[in-house]
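My entries follow the structure.

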Amino acid sequence: MCRIFGFRSVMQSGVHRSLVSADNALMLQSERHPDGWGVAYYVANAPHVIKSASAAVSDHLFRHVSGIVTSETVLAHIRKATQGELSTINTHPFQFGAWVFAHNGNVRGFATIRDKLVARVPPILRRFILGNTDSEVLFYLILGKMAQRHELHRPGFPLADVASAVRDALAEVESLAGPCCADNEGSPSETYLTFVLTNGHVMLGHQGGKQLYFSAHKQRCPERDTCAFFAPECERPPPPDRGFVSHLIFSSEPLHGDNVWTPLAPGDMVGADGRMQMQRFRAGEPVDRRTH
């Protein structure tokens, strides 16, 4: 299916290596996922989203964008289509206001339940669904649940409330499509709801059957002697469920380099808030709304 890369950091960083030059960079993965690409990055708290229905590996624009992007928050996606035709409008990441969303997966029997799912999106949001993918509908279902908790344009949207809204939205999808398949190698027609969501401050990743890895520290930072932002947490494993980090990275496949990668289990979520406090939400456990 698709591939996702998400990056959130205390400092502006380039992503050329992760997207282009690493041995298994996103561009090389697009040889197996050729149905479009998109990169979202934030400048002055506003998302800039660039998308194409071409394969990233053969698109000079992907190389160009990957070479110039420097940001505290980046979300990139390469597509292998399961629902919807090949077009820019169906290409990820999807955007509403400051929020952007990239999905790796599928909703089983989407054609037969699409109208029911769309009907559960609040009318004020429903009119912004422009394409015909399951991913875009899932995005707006989540936004609808978030809007029940806070105003969507609130910069300091609490991470725990994003996680709680995600849980509610996924429950509605699974009530119609059946539970997520937990087998990463299962049939592509099954339900998989792996995604990353961000507004530039908060970033949350969910493992919904398709593998998703996260990294919050390095074995050894190659810039530890020159980086003004270097701190002990850059090379120290974070606490298992909550703690401050210097960066949080998501990837469908561990990327070669200094980052230490941890696989998420099906149903688990990990996120960071605007202060870079990371929190892990484990499947089957209530969302912890404590703040520190």
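**Salt bridges, looked up one by one**

I began with Arg282, which forms a salt bridge with Asp241; the closest N and O atoms are 3.0 Å apart. Arg282 lies in the segment after strand 14 (277-281), while Asp241 sits in the loop between strand 9 (213-215) and strand 10 (242-244), so this pair ties together parts that are 41 residues apart in sequence. I noted that the model is a predicted one.

Next I checked accessibility for this pair. Arg282 has a relative accessible area of 26% and is partly exposed.

How many salt bridges does the structure hold? I found eight.

I then looked up Glu253 and Arg3, whose side chains meet in a salt bridge at 2.9 Å, N to O. This pair links distant parts of the chain, 250 residues apart: Arg3 is in strand 1 (residues 3-14), and Glu253 is in the loop between strand 11 (247-251) and strand 12 (262-263).

Are the two partners buried or exposed? Glu253 has 14% relative accessibility and counts as buried. Arg3, at 13%, counts as buried as well. Both assignments hold because buried means under 20% relative accessible area.

My next entry concerns Glu172 and Arg120. Their side chains meet in a salt bridge at 3.7 Å, N to O, which qualifies because the cut-off is within 4 Å. Glu172 belongs to helix 7 (residues 159-177), and Arg120 to the loop between helix 4 (110-119) and helix 5 (123-126); the two are 52 residues apart. Arg120 has 38% relative accessibility and counts as partly exposed.

Which residues are linked with Arg120 in a network of salt bridges? I listed Lys145 and Glu172 as the other members.

**Whole chain**

For context I looked up the totals. The protein chain has seven helices and 14 strands. It contains 292 residues, of which 55% count as buried.

I also looked at sequence separation in the contacts. Among contacts between residues at least 6 apart in sequence, 70% join residues at least 24 apart.

Last, I took down the surface figures. The chain exposes about 12,000 Å², and carbon and sulfur atoms supply 52% of that area.

Notes
Residues numbered from 1 in each chain as written. Predicted model: local features only at pLDDT ≥ 70, side-chain atom pairs only at ≥ 80, totals over all residues. Heavy atoms only, no water. Helix = DSSP H or I, 4+ residues; strand = E, 2+ residues; numbered from the N terminus. Buried < 20%, exposed > 50% of the residue type's maximum accessible area, 1.4 Å probe, protein only. Contact = heavy atoms within 4.5 Å. Areas by Shrake-Rupley, 256 points an atom, 1.4 Å probe, with all protein chains shown as cover.
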